[in-house]
Amino acid sequence: MADKLMQVELVAADRLVWSGEASMVIARTTEGDVGILANHAPMLSLMVDGVVDVTTAEGETWIAAVDAGFLSVANNRISILSEHAEMSHDIDLENARADLERAHAAGENNDDAEAAAARAWAEARIRAAEKV
Amino acid sequence: MATSVRELRARTKSVTSMKKITRAMELIAASRIIKAQQRAQAAAPYARELTRAVSAVATYSNVEHALTTEPEDPKRAAILIVTSDRGLAGAYSSSVLKEAERLAEKLRSEGKEIDTYISGRKGEAYFKFRNRTVAASWTGHSDQPTYDVAREIGDALIQAFLAGEDNPEIELEGEASPVDEVHVVYTRFRSMLVQEPTAVRLLPLEVVEGEEPPKADEVLPLYEFEPDAAEVLDALLPRYVQSRIFFALLQAAASELAARQRAMKAATDNAEELIKKYTRLANQARQAGITQEISEIVGGVNALADATAGSE
């Protein structure tokens, strides 16, 4: 198994959320979902708000909510960069639902980019929390 | 003795309570520095990965981007000055402002007009007092900057940089006008003892290519860009700018706290000295009073004794 692992780092703007070895990473890019295994070709792609699915070396799976960011793959190193990132077990589902409702309420009045971003982020968190 | 014992005692008391305040502020600043340093360290991986990604794009593709292109004839420059929200930090804000003035002078001598952007209430007050216009300012976060603030500032500066003849659709808010370059003046946190005001040019970006030169036996990664290199760069560069600003804000926050701790330590030491001095003066005044009373009593007794001796 040793040669089937990659070094993964999930980095938010203000902290390192997770780092360790993983056998598979699934993320949603602008082109659609991608699954990445070890020895993937170097890639740099844009992510959209959504969830990142990582299968660790021990076979466990964890899920994190990310907002738009980057996925960079090179030499079996994956870095997932996102301004905000939250592991599913850190997400307060009630809180996320309330945020979504608030974002919906705000979004009906003025449909600007900020409200849309807030909505997408709340949705991503709810998805990540429910997926576990 | 000019001042009375009571007056001196009152002064000692007020200095003592001031000392308590400055001591408390010193301790608060000291504990916050550690937190600020931790925040700066926690933000480092993001900046590092972002830099790596940017230099990857710059190295493995030859896409030109507006944010990296040097304007041919720069006429207007923006300066972002990172100051503190509160005073009582020694020369912290004034040395940043001095550095900013120096940079502004240099840019003016190159024939550029200056737009000022400010973070922190102290800088805002400085410009308001001198009746100078400020393009935009952000306050209320100087000792605990969040990424959201950095994004807001970054977006405003990028908008100002991109606006102009090339992009007539961008509308700027308030006093802001299109600029050809963007500089940042902030205080760099070298150590607890050394913080130095620094000026760096933020835009147009100078991307350091290949931060880590690949070793001979290492195969150069041929990146695939999704959706394509131009679009990746388009999303990457603004974030790079934001993260640079965030870095500046975090450094400034740590420096501010270190400066405050030092200033408050000096204030506490001075207060201690004052207390010592006033206590001595008060003791002296009290002793003088006692001596005077004794000599009065002795004098009175003598006079009384003389009077009785004379009458007998």
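How far apart do the C-alpha centres of domain 1 of chain A and domain 2 of chain A lie? Here are some notes, starting with that question.

1. **The two domains of chain A.** The C-alpha centres of domain 1 and domain 2 of chain A lie 23 Å apart. This is a predicted model, and the domain assignment of chain A places domain 1 at residues 2–87 and domain 2 at residues 92–131. Where they touch, domain 1 of chain A contributes 10 residues and domain 2 of chain A contributes 7 residues.

2. **The domain 1 side of that contact.** Two strands of chain A, β5 (50–56) and β6 (61–66), each supply at least two residues to the side of domain 1 that touches domain 2. The largest share comes from β6(A), with 4 residues. If you like to think in residue classes, this side of domain 1 of chain A has 5 nonpolar, 2 polar and 3 charged residues.

3. **What the record says about chain A.** An unreviewed UniProt entry lists residues 6–85 of chain A as "domain: ATP synthase F1 complex delta/epsilon subunit N-terminal". In the model, that stretch of chain A is 72% strand and 0% helix.

4. **A hairpin worth a look.** In chain A, β2(A) and β3 (residues 32–37) pair in the antiparallel sense over 6 bridges. A hairpin through 2 residues joins β2(A) to β3(A). To find your place on screen, pick Val25(A), which stands opposite Ile36(A) in β3(A).

5. **Where the chains meet.** Contacts between the chains involve 23 residues of chain A and 24 residues of chain B. On the chain A side, two or more residues come from each of β1 (6–12), β2 (15–29), β4 (43–46), β7 (69–74) and β8 (77–82). The largest share, 4 residues, comes from β4(A). By class, the side of chain A that touches chain B has 12 nonpolar, 6 polar and 5 charged residues.

6. Which strand of chain B pairs with β4(A)? The partner is β6 (residues 224–226) of chain B, and the two strands run in the parallel sense over 3 bridges. Within this pairing, Leu44(A) stands opposite Phe225(B) in β6(B).

7. **Chain B as a whole.** Chain B has 5 helices and 6 strands, and along the sequence they follow the pattern α-β-α-β-α-β-α-β-β-β-α. Of its 312 residues, 35% are buried. Taking contacts in chain B between residues at least 6 apart in sequence, 78% join residues at least 24 apart.

8. **Helix α3 of chain B.** Which residues of α3 (residues 121–129) of chain B are buried? They are Arg121(B), Lys122(B), Gly123(B) and Tyr126(B). The buried residues of α3(B) pack against β1 (76–82), α2 (92–109) and β2 (113–119) of chain B.

9. **Two positive phi values.** After α3(B) comes Asn131(B), a residue other than glycine with a positive phi near 60°. Asn131(B) sits in the loop between α3 and β3 (136–138) of chain B. Is Asn131(B) buried or exposed? Asn131(B) counts as exposed because 6 other C-beta atoms lie within 10 Å, and the cut-off for exposed is 12 or fewer. Leu88(B), also not a glycine, has a positive phi of about 55° and is found in the loop between β1 and α2 of chain B. Leu88(B) has 15 other C-beta atoms within 10 Å, so it is classed as partly exposed.

10. **A cis peptide bond.** Leu203(B) and Pro204(B) are joined by a cis peptide bond, with omega about -10°. Pro204(B) has its place in the loop between β5 (195–203) and β6 of chain B.

11. **Confidence.** Chain B has a mean pLDDT of 85, and 90% of its residues reach 70 or more. For the complex, the predictor gives an ipTM of 0.78 and a pTM of 0.82. Where pLDDT is low, the predicted coordinates should not be read in detail.

Technical notes. Residues numbered from 1 in each chain as written. Chains lettered and ligands numbered in written order. Predicted model: local features only at pLDDT ≥ 70, side-chain atom pairs only at ≥ 80, totals over all residues. Domains from an automatic or database assignment. Contact = placed C-beta atoms within 7 Å. Nonpolar A, V, L, I, M, F, W, Y, C, P; charged D, E, K, R; others polar. Buried ≥ 20, exposed ≤ 12 C-beta atoms within 10 Å, placed from the backbone. Pairing = 2+ DSSP bridges. UniProt positions renumbered as here; feature names shortened; annotations may be inferred. pLDDT = per-residue confidence, 0-100.
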